[in-house]
Structure formats: C-alpha cells, structure tokens
Amino acid sequence: MGGATAGAAAEETSVFGLAPVAPDRTAAYGEHPDQVVDFYLPPPGTDGAARTAPLVLLFHGGAWRAPYDRRHVSPFAAFLAGRGLAVASVEYRRGGADLARAGRWPETFDDIAAAVDAVPGLVRELGLPGADPDRAVLTGHSAGGHAVLWAAARHRLPSGTPWHLRSPSPLRGVVALAPIADLATARALDVCSGAVDELLGEGADEGEGAGGGGSGGGGDELTVRLGLADPAALLPTAIPTTIVQGGTDIDVPPAVADAFAEAAARAGQDVRLIRTDGGHFPPIDPTAPAAHTVAEEIARLAGAHPAT
C-alpha cells in the first residue's frame, strides 16, 4: 500500500506542478463569479486558416471542493487544443464559505446544466474560429467525470426537476476520466472523505432547492437527491459513453467505474471502459500516455483525427 500511495502522490505532484496555461478567451455563462468558461483553440493549419474542430466541454475535478478550480486542468486543456480540439474549460460552484465542504445543493447542478446548455451558443456568439458546437463532446475528471455523465442523462430526470430535458442533448459522446460515476458505490467506499454526502447536502441546512426539502440530506430527502444526482441511476442515456480509468487509482477506485459499467449493461447501454496504467491523475497529465489515450478517444467520438 505504501508503494501505491507514493505513486499516487507522485502523479498528483506531476499534475499540480505544471504551470497554468492562459486561455485564448474567457466568457461568462451566468452572473455568479464561478459561472465562467475558458476557451482554448487549436492552432491554425499550415495555410494559416482556422481548422474546424470539435468542441470539447471540459469539467475539472477536485471533489467539488472550492480550493480546486479549473486552473489545474489548464495544461490538459491546452494539450487537447494542440491535438486539434476546441476546448471549453468550465468553472462551476463548488463548496461555499466552508472551503473543506464538497459542493452545493442545488447550485453545483444548476451550473453544470447551465454551462452545457449555454456554451455552444457562446461559441457562436463569440465567433470562435474553427470551433464546431455541432460536434460537441463532454469530458471531465473525477467530480468533473460525474458532472459530464450526469449532464448526458438529464433527459432521464423527472420532468418536474429544473434540469430536465425533453430529449437527449445533441452530443457526439461523453468521455469520463476516473469519474465518481456511481454515487452509491462511492458512498460505500467513502470516496474523497465523504464528498458525495456533502454534495447532496447531508447534515447541512441547505435551504429549499431542486428535489425539495431544506433540512439537507436526512433520510428520505437524501434518497430523493441520490436518485436525481447519481448517473448510474439515470441510465440508459443513448449517448455514446466511454470511461477512462486508471488501474491503480486509490482516489476514485476502479470499483466505482465498474459499478457504473455494470449498471449500464443492466440498463441495456454499452459503455466502453478503457483501463490505463497508473492512478487518478495521468488521464489529465499531458506528460502521461493516458492523456494521449483520452485525446484519441475524444477525437474518435467526435469523428475527428487528432493532431500528433
């Protein structure tokens, strides 16, 4: 276990040791300071003209806790742009004044839904060269992996919820990286030190929100919120879905991805599960082979040929 822990620490140090990369453009998708998105655009072709590129909506991880923001995935966003993809790196509301707390109910979910709905229009409004919002793929890491799996399942939510869509989002696919994909399994394994229960508002006075109740997560209310928030409970989505999972991940163990894939199979949806070497962070580390696997899978779903 000591060797695995040391290896995980080295992988985390590698990712967080990379210098942040400034975006080509930043825009707001709402009024809250966290409702912003950074755009990273692919380089022009050899003739100087902008290349038409699929749009990748990228959601960062960090267990829905406020100290972790989109800056730590900016090198990965720039890496994907260098591979011929237009990237929209999304910020969203996480823990509030209590920086140790994971997420906000329902604001975290409000922002995920709002960003997915708004970003394609922002691309058109800003006239971003080469970005094709009609070829959109969602990708996210860890808590961000949960975000993209959940966003792809909004048409499966009850019609009375504010996030419900009447039909699936017009996405080419979803690539979830070490995702917190099955909330029941993540809770059983205490992934990220109780982050799932905190996200759902357990033990806190969260006020009125989607799913009802202001007492936050006790008893029946927690069950209701789990049903609304758990991607594994909202299958099938009819949207092509891939999970990229490190075999030695001790932050979000492979059992979480396995549980989601098994739930998908029971629901009649084929989910592609790609095992990579290493643990939690290599899929977003441009210096690691796993990140190249991710870029290739995004390009495959988008129908593009990644640059090398």
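How much space lies in the largest pocket? In this predicted model, in which local features need pLDDT of at least 70, side-chain atom pairs count only at pLDDT 80 or more, and totals for chains, interfaces and linings use all residues, about 300 Å³ of space lies in the largest pocket. Residues are numbered from 1 along each chain as its sequence is written, and side-chain values use heavy atoms, with hydrogens and water left out.

A pocket is defined on a 1 Å grid over the protein atoms alone as an open set of points with protein on both sides within 12 Å along at least five of seven lines; a cavity is a set of points where a 1.4 Å probe fits but cannot get out, and lining residues have an atom within 4 Å of a point. Grid points are joined across faces, edges and corners, and a volume is the space filled by probe spheres set on the points. The largest pocket is lined by 14 residues, with Gly62, Tyr68, Cys192, Asp251 and Phe281 nearest its centre. Its lining comprises five nonpolar, six polar and three charged residues, where Ala, Val, Leu, Ile, Met, Phe, Trp, Tyr, Cys and Pro count as nonpolar, Asp, Glu, Lys and Arg as charged, and the others, Gly among them, as polar.

The second largest pocket has a volume of about 210 Å³. It is lined by 14 residues, of which Val116, Pro120, Ser169, Pro170 and Leu171 lie nearest the centre. Nine nonpolar, two polar and three charged residues make up this lining. Helix α3 (107-126) and strand β5 (131-141) each supply at least two of the lining residues, and α3 gives the most, with four. Helices (H or I, at least four residues) and strands (E, at least two) are DSSP runs, numbered from the N terminus; the protein has nine helices and eight strands.

One cavity of 30 Å³ or more is present in the structure, and the largest cavity has a volume of about 50 Å³. Its lining consists of Leu149, Ala152, Val174, Pro231, Leu235, Thr237, Thr241, Phe260 and Gln269, with six nonpolar, three polar and no charged residues. Leu235, one of these lining residues, is joined to Pro236 by a cis peptide bond with omega of about 0°. Pro236 is placed in the loop between α7 (220-229) and β7.

Phe260, which also lines the cavity, belongs to the buried set of helix α8, together with Pro254, Val256, Ala257, Ala259, Ala261, Ala263 and Ala264. Buried denotes under 20% relative accessible area, exposed over 50%, and partly exposed in between (1.4 Å probe, protein chains only). Helix α8 (residues 254-267) has 14 residues and reaches 20 Å from its first C-alpha to its last, close to the 20 Å expected at 1.5 Å a residue; the expected span is 1.5 Å times one less than the number of residues. The buried residues of α8 pack against α4 (143-151), α5 (183-188), β7 (241-246) and β8 (271-276). Just after α8, Gly268 takes a positive phi of about 90°.

Of the 308 residues of the protein, 59% count as buried. Contact means heavy atoms within 4.5 Å, and among contacts between residues at least 6 apart in sequence, 75% join residues at least 24 apart. A nonpolar core is a set of buried Ala, Val, Leu, Ile, Met, Phe, Trp, Tyr and Cys residues joined through side-chain atoms within 4.5 Å. The largest such core has 67 residues, of which Phe39, Phe59, Trp64 and Ile180 touch the most other members. Helix α3 gives the most to this core, with eight residues. A second, separate core of 25 residues includes Ala77, Ile274, Ile284 and Ala302. With residues up to four places away in sequence not counted, the residues touched by Phe39 include Val87, Ala88, Val119, Leu122 and Val123.

Trp64 is placed in the loop between β3 (53-59) and α2 (74-82). Phi of Trp64 is near 60°, a positive value in a residue other than glycine, and Trp64 counts as buried because its relative accessibility is 2%. Ser193, in the loop between α5 and α6 (195-199), likewise has a positive phi, near 55°, but Ser193 counts as exposed, at 57% relative accessibility.

A further cis peptide bond, with omega of about 5°, joins Trp105 and Pro106. Pro106 is found in the loop between β4 (86-90) and α3 and counts as buried at 10% relative accessibility. Pro106 and Leu199 are 93 residues apart in sequence and 8.8 Å apart in space, C-alpha to C-alpha.
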